Amino acid sequence: MPFIASLMRRVYLSLSELAWSALFVILVIHLVASYLLFMLAGEADLVGNPVDFLYYYMVTATTVGYGDLSPKSGAGRLIAVLFVLPGGIAIFTAVLGKLLTNIGTIWRNRMRGLGDYSERAGHIIVLGWQERQTYQTLRLLHAERQANEPMSVLVAKDLPENPASNYADYIRTERLADADALVRAGVAQARAIITRGANDDETLAAVLIAEDHAPNAHIVAYFADDRTAQMVKQRRPRVEAVGSLAEELLSRSARDPGSSEIAARLLSAASTDTAFSLPVPPLQTPLLYGDVFLGLKRQHNVTLVGMLSQGMTDLNCQDETLMRGGETLYYISGMRLDPAAIAWARMGEVS
């Protein structure tokens, strides 16, 4: 009959592949058979209490053998030697081997970019791989990673294995603008996405897909052509488009020696003092920028350098500028501030 043939084929495949279902059935059969054989042999101490028998079976199968329970009759000892012990050890070894194989397979799949991080939250996704630049980006992100912050996820094209396993997990894809790859990378709950494709067209396509699937993430994209970066800034306000600053740094350093070093220190996580951002929570009472400047300096020894408010960044705010909450402050410090540790209500007491 077709049903019987299909069932037998499924049983054969399960046994040949040593599936978990087949192992479970073999374990149950061997356990029940062992119980019945001991019962026939009159081993009342072993089969009188099912819990005691299960305990004896497990310590025997795992070769622990405490010795507090054992067969007393000759027939019982023969059953243990010829059936229970070899069968139990074989099943235990098979389970342990399959478990280790599955763990190894999961690890290898993650290294090959076949993992799934869709449940991850609060992490940073890096789209695209350029040997030196992306590795440095991942290293810097890892250097600033907080104790409770998940590892970053790299999404790249056709790399055989994770090229930066110390700094990020890896998702392999055939193209950067791949919604399925972004979903596996946990895009829905990512805190930020960094995009740098092989060219500006690839970067722009990846940015558009990321915008659709990451409603709350901050998106940063690098464009080699400054005109493309400006276009993206104008038409996609959610995206922070970054272009090359080499020309600006060269010309500024010629007139103001040391400017390039200052810029490098402000952007480097390895610097003693560097630039950070700080979101301002909703305030019960508006604060003056000058009071916040002095308060942060006195309370936390940081230097406030500017503020983002209503889409506009001001690096030389007037002291009388009002802050009502929702702004982003930029400051220079040796370490990132914990927003929860800032006493905003006391800022107005400094003047």
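Start by selecting asparagine 301. In this predicted model, asparagine 301 counts as exposed, because its relative accessibility is 56% and the cut-off for exposed is over 50%. Where does asparagine 301 sit? Look in the loop between α12 (289-300) and β9 (303-309). Now check the backbone there: asparagine 301 is not a glycine, yet its phi is positive, at about 55 degrees.

Next, keep the elements on either side of that loop in view.

In what order do its four strands come? Going across, you meet β7, β12, β9 and β10, in an open sheet with antiparallel pairing. Which strands stand at the edges? They are β7 (274-279) and β10 (312-314); each has a single partner strand, so one side of each is left without a neighbour in the sheet. Turn the view to look along the strands: from one strand to the next, the twist averages 25 degrees.

Zoom in on β9 and β10. These two run antiparallel, and three bridges join them.

Time to move to another part of the chain. Select helix α2 (residues 20-40) together with helix α4 (residues 50-61). Their axes come within 11 Å of each other and cross at roughly 115 degrees. The crossing of α2 past α4 is right-handed.

Which residues of α2 meet α4? Pick out Leu27, His30, Leu31, Ser34, Tyr35 and Phe38 on the α2 side. Facing them on α4 are Phe53, Leu54, Tyr56 and Tyr57. Sorted by class, the contact between α2 and α4 holds eight nonpolar residues, two polar ones and no charged ones.

For the last stop, select aspartate 158. You'll find it in the loop between β2 (152-157) and β3 (168-173). Aspartate 158 has a positive phi of about 55 degrees, although it is not a glycine. How does aspartate 158 count by accessibility? It is partly exposed, because its relative accessibility is 47%, and that class lies between the cut-offs of 20% and 50%.

Notes. Residues numbered from 1 in each chain as written. Predicted model: local features only at pLDDT ≥ 70, side-chain atom pairs only at ≥ 80, totals over all residues. Heavy atoms only, no water. Buried < 20%, exposed > 50% of the residue type's maximum accessible area, 1.4 Å probe, protein only. Axes fitted to C-alpha atoms, helices over the stretch in contact; angles between N-to-C directions. Left-handed = near helix turned anticlockwise from the far one by under 90°. Contact = heavy atoms within 4.5 Å. Nonpolar A, V, L, I, M, F, W, Y, C, P; charged D, E, K, R; others polar. Pairing = 2+ DSSP bridges.
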